[in-house]
Amino acid sequence: MTALPKAKNYILFTDTFAINDMDKEGKKFDRVSRFTGRGENLEMELTIDINTELYSLDIGDKVMLMLTTSLSLDTANIAQSEETILPFPIMAQDDQQEKTSWREKSHIERDLSDDFEYVMYGKVYKYDEEKRSKVAVYVSFGGLLMSLEGDFRHVQNIHVGQSVYMLMKHQL
């Protein structure tokens with residue numbers, strides 16, 4: 001698997017998930033709950049730890065989840081597939097205005113996080129190939145964990161050691 005160039009923002013994964021369970025194995029921490037859900041479009045299984053003091057999530061909620069390599073709007077490219085539907089406009093690439101850190105954003109600049117309610121930054125630490133077509137990708141966001149399980153085609157551009165942003169928002 002070849003790595004994606006670092007100079008661009010790649011949308012690695014996006015889907016809407018129906019949350020179907022919370023703390024299935026019991027609550028382990030006061031401010032964190034582990035949620036599971038099933039993707040509506042790509043039929044992936046999601047397990048994710050959420051800081052419930054910062055973001056409210058309940059069984060039955062529908063959330064849009066996106067994994068991307070950057071929050072920048074001006075260099076966004078789709079690494080997933082041509083069928084991916086994006087919830088925001090993509091601006092034309094301008095190499096001279098490329099930003100390397102979200103902290104450089106001024107109050108008048110916009111990035112992907114402006115269109116989402118909950119954002120985490122982490123690293124892919126495991127890629128598990130269970131069967132030929134089914135895989136699991138594991139990401140750690142400073143101790144809060146996430147796993148995506150399903151068809152390898154939907155996560156083929158994600159690799160171990162890659163830093164990613166997870167963006168989430170409620171859907172109606």
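V124 has V139 in β7 as its bridge partner. Two strands count as paired here if DSSP finds at least two bridges between them. With four residues between them, β6 and β7 make a hairpin.

A quick word on the model: it is predicted, so local features need pLDDT of at least 70 and side-chain atom pairs need pLDDT 80 or more, while totals for chains, interfaces and linings use all residues. Residues are numbered from 1 along each chain as its sequence is written, and side-chain values use heavy atoms, leaving out hydrogens and water.

Zoomed out, the protein has nine strands and zero helices; strands are DSSP runs of E with at least two residues, helices runs of H or I with at least four, both numbered from the N terminus. Of its 172 residues, 41% are buried, meaning under 20% relative accessible area with a 1.4 Å probe, counting protein chains only.

D49, in strand β3 (residues 45-51), counts as buried because its relative accessibility is 6%. Its side chain makes a polar contact of 2.6 Å with that of R34; such a contact is a pair of N or O atoms within 3.5 Å, where, within protein, one must be able to donate a hydrogen and the other to accept it, and residues adjacent in sequence count only if both atoms are side-chain atoms.

Notes
Buried means under 20% relative accessible area, exposed over 50%, partly exposed in between (1.4 Å probe, protein chains only).
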